[in-house]
Amino acid sequence: MSCVTTKTSYAHGDGALITAEPGAPLDVLDRSIAMGMLADAGFLLLRGFDASLREFSRLVRRMSERITLDPARSLHGGLAQKVDAGLDAVGLHCENGNSPFMPHLCWFFCEKAASIGSETTVCDGYRAWDALTPAAQRAFLDRDIVYSRRVEAAKWKGFVYHSLQGKKAIEDITLDDLLSLAEGRRGTVIRPCGGGAIHYEFQVPAARETLFSDRIAFANSILGPSYNYEKPRITFADREAIPPSLLGEVVRVTEAVTVDIAWQDGDVLLVDNTRVMHGRRAILDPSRTIYNALSFIGRGPEGEG
């Protein structure tokens, strides 16, 4: 990483900003060093590199052991997906955190930055957890949360098709294939419903250990979006509603420790998806173009989130 200068923090002590000498390619980043920095910082913002969608895709593949996707988004270059969830603000969430297939890493590439506003937001689950009151911490430690919803056939079959790496034609994919992928993922119940759709329930802690540490992080999707999907029902594991007062505290605390990523052209953002939640301010410049990728690395509890 001789072409790279590292700044220890991006803002408020959160994340790490890695800047490059002019023209430095993304492939100068050493995988082990980058993962070590990610373990410390929670997210890495790579700025000033000679980045393109092609180079971004190469970086994701080199740093990851397996790529996954959101079947509701369009695919570009084999793994990158355009971020296209409307123009409204998006609440903090872990990517795919309301399903049993949550990836370890969440990646973003800014091809064209907005001329005004439209920032991506990040919230370190360590800081959020430490800022909650003891009563709120006890409430989330005492009971898991459950996400439940219906998913249309085209979406779950698209996910299975990609997960099987094209080894089975999409028209031949059955519910058994999805059940095989979900096997061993605790707290998961999947059943068929009308029109080839499925209904799933997924039970998971709202606060738990992370990919790189046994330190507790408040990292979940209870405030998150459902732009391309049916809005999930979110309750405690005993099916009791999460009290509005508790949700209100979560909103206040997380907003207080949220950091805005003010994008520049060519920026790459890498997020530990098991620790750091992300979201978005309202889009004020629709010409903003950002791509997303999701992946796993060979450690930690795959698919839990």
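These legends walk through close-up views of a predicted model, one spot at a time.

Residue numbers start from 1 along each chain as its sequence is written. Because this is a predicted model, local features need pLDDT of at least 70 and side-chain atom pairs count only at pLDDT 80 or more, while totals for chains, interfaces and linings use all residues, and side-chain values use heavy atoms, with hydrogens and water left out.

**View 1. The second largest cavity has a lining of 8 nonpolar residues.**
A cavity here is a set of points on a 1 Å grid over the protein atoms alone where a 1.4 Å probe fits but cannot get out, and lining residues have an atom within 4 Å of a point. Look for Leu29, Ala34, Leu44, Leu46, Leu59, Met63, Trp107 and Leu270 around the second largest cavity. Two elements, β3 (43-47) and α2 (53-63), each give two or more residues to this lining. Strands and helices are DSSP runs numbered from the N terminus (E, at least two residues, for strands; H or I, at least four, for helices). No polar and no charged residues turn up in the lining; nonpolar means Ala, Val, Leu, Ile, Met, Phe, Trp, Tyr, Cys or Pro, charged means Asp, Glu, Lys or Arg, and the others, Gly among them, are polar.

**View 2. Four strands make an open antiparallel sheet.**
Reading across, the order is β11-β12-β10-β15. At the edges sit β11 (188-192) and β15 (233-236), each pairing on one side only. Strands count as paired if DSSP finds at least two bridges between them. Strand β10 (residues 145-151) runs antiparallel to β15, and 4 bridges join them. Pick out Tyr147: its bridge partner in β15 is Ile234.

**View 3. Arg275 and Asp124 form a salt bridge between buried residues.**
The closest N and O atoms of this pair are 2.7 Å apart. To count as a salt bridge, a side-chain nitrogen of Lys or Arg must be within 4 Å of a carboxyl oxygen of Asp or Glu, and the structure holds 13 of them. Arg275 is in the loop between β17 (268-272) and β18 (276-280), and Asp124 is in strand β9 (residues 120-124), so the pair ties together parts 151 residues apart in sequence. Relative accessible area is 5% for Arg275 and 7% for Asp124. Buried means under 20%, exposed over 50%, and partly exposed in between (1.4 Å probe, protein chains only).

**View 4. Arg143, Asp238 and Glu240 are linked in a network of salt bridges.**
Arg143 meets Asp238 at 2.7 Å, N to O, and Glu240 at 3.0 Å, N to O. Arg143 lies in the loop between α4 (134-142) and β10, whereas Asp238 lies in the loop between β15 and α7 (244-256), 95 residues apart. Glu240 is in the loop between β15 and α7, so its pairing with Arg143 ties together parts 97 residues apart in sequence. Arg143 is partly exposed at 25% relative accessibility, Asp238 is partly exposed at 45%, and Glu240 is partly exposed at 40%.

Key
On a 1 Å grid over the protein atoms alone, a cavity is a set of points where a 1.4 Å probe fits but cannot get out, and a pocket is an open set with protein on both sides within 12 Å along at least five of seven lines; lining residues have an atom within 4 Å of a point.
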